[in-house]
Amino acid sequence: MMRAIQLAVNMLRLLIVGLLGVLTASNVNAAPLILVNAVPTISLQGAAGGLMGNVAYHPDFDQYYSGQLGSNSLPVQVWDSNGNLLQTAAPTNSPWRGFHFNPNTNNVEFTTFNAVSGNGSTTGLFQMGLNAGGLYTDTNSNLLVSVPGIGDTQPNATYDPLRNRLYTIQNDNIVNVSSYASGSLITTIALDTVAAGIGINDLTEDGIGFDPINDVFVSLHAASSRAMVFDINGSFLGASILPGSLPARFNIGYDNGQLFVLQGSDYNGFQIFGAAVVPEPSSIVLFGLGTVGLVLMGRRQRKRKLVA
């Protein structure tokens with residue numbers, strides 16, 4: 001009897017480990033569920049307009065950040081979680097481009113115009129100065145004087161906290177991958193625009209989003225009003241239809257699980273991914289117990305036949 005119980009325990013352990021391994025592998029390799037039609041979320045109202053940097057979300061303050069592009073004195077803007085504009089503040093000398101939240105440092109950071117070469121104390125990668133309420137203070141800290149891996153003076157950089165890398169794109173389908181630590185170019189990733197059915201120059205220029213949860217790039221195809229999704233290796237995964245017109249350059253952001261697109265005077269947020277259904281651990285255990293029970297019943301029945 002004890003031997004049978006031990007056998008059952010060992011079988012249960014092996015079964016649970018196997019099932020967890022299969023589930024883990026399937027979750028890692030599974031493509032995200034891309035919604036056919038994007039779902040509107042929040043609208044960051046009263047954006048400065050023109051050309052805007054991408055969007056950063058700070059979870060401690062529950063606030064969003066972006067800025068107008070074009071010169072050293074154009075404003076940064078801060079919104080609350082409902083999209084209400086909290087602050088429009090002109091900097092003294094910050095020609096920003098790409099905003100992102102860095103969970104590894106717990107700060108909002110940004111890259112600037114001409115971060116690729118660095119021409120003084122106003123260019124490169126910066127930590128944004130915020131007060132106790134999360135509002136801008138114009139006291140930015142320079143983290144890198146230059147980020148040569150960006151490849152050009154203009155692109156908005158987005159951040160990958162898992163790999164500690166910066167991603168940028170210019171006017172084609174090539175994503176530059178730069179080291180956050182040194183700013184140097186690590187590699188490039190070609191987005192498969194052929195599989196997406198578009199040209200290599202058809203994606204939104206100088207702006208790209210990255211979703212660390214699904215580990216994917218998000219770009220825009222303005223001509224068809226679609227958000228285009230590519231995996232970390234550049235393979236095309238699918239598209240989500242967005243309402244309204246889309247920008248051909250800049251004016252795209254991705255943070256807090258939302259794609260942001262500047263439309264008129266608002267930076268509108270959209271959900272483009274659905275939630276995948278994953279079995280709970282308790283369900284896996286019950287399934288394993290049931291399977292082991294059936295195996296033991298079969299063994300008992302075979303013994304009875306031999307005795308008879």
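Colleague: Which residue in β16 is the bridge partner of V218?

Modeller: V229 is the bridge partner of V218 in β16. This is a predicted model, where local features need pLDDT of at least 70, side-chain atom pairs count only at pLDDT 80 or more, and totals for chains, interfaces and linings use all residues. Residues are numbered from 1 along each chain as its sequence is written, and side-chain values use heavy atoms, with hydrogens and water left out.

Colleague: What makes β15 and β16 a pair of strands?

Modeller: Strands are DSSP runs of E with at least two residues, numbered from the N terminus, and two of them pair if DSSP finds at least two bridges between them. β15 (residues 216–221) and β16 have six bridges, in the antiparallel sense, so they meet the definition of pairing.

Colleague: How many bridges join β16 to β17?

Modeller: Five, again antiparallel, with β17 covering residues 236–241. F230 stands opposite F236 of β17.

Colleague: Why is β16 called largely enclosed?

Modeller: Buried means under 20% relative accessible area, with a 1.4 Å probe and protein chains only. Five of the six residues of β16 (residues 226–231) are buried, so the strand is largely enclosed by the rest of the structure.

Colleague: Why does Q258 count as buried?

Modeller: Q258 has 7% relative accessibility, and the limit is under 20%, so the residue is called buried.

Colleague: What makes the pairing of the Q258 and Y64 side chains a polar contact?

Modeller: A polar contact is a pair of N or O atoms within 3.5 Å; within protein, one must be able to donate a hydrogen and the other to accept it, and residues adjacent in sequence count only if both atoms are side-chain atoms. The side chains of Q258 and Y64 are joined at 2.9 Å, and those of Q258 and T41 at 2.6 Å.

Definitions and conventions: Buried means under 20% relative accessible area, exposed over 50%, partly exposed in between (1.4 Å probe, protein chains only). Helices (H or I, at least four residues) and strands (E, at least two) are DSSP runs, numbered from the N terminus.
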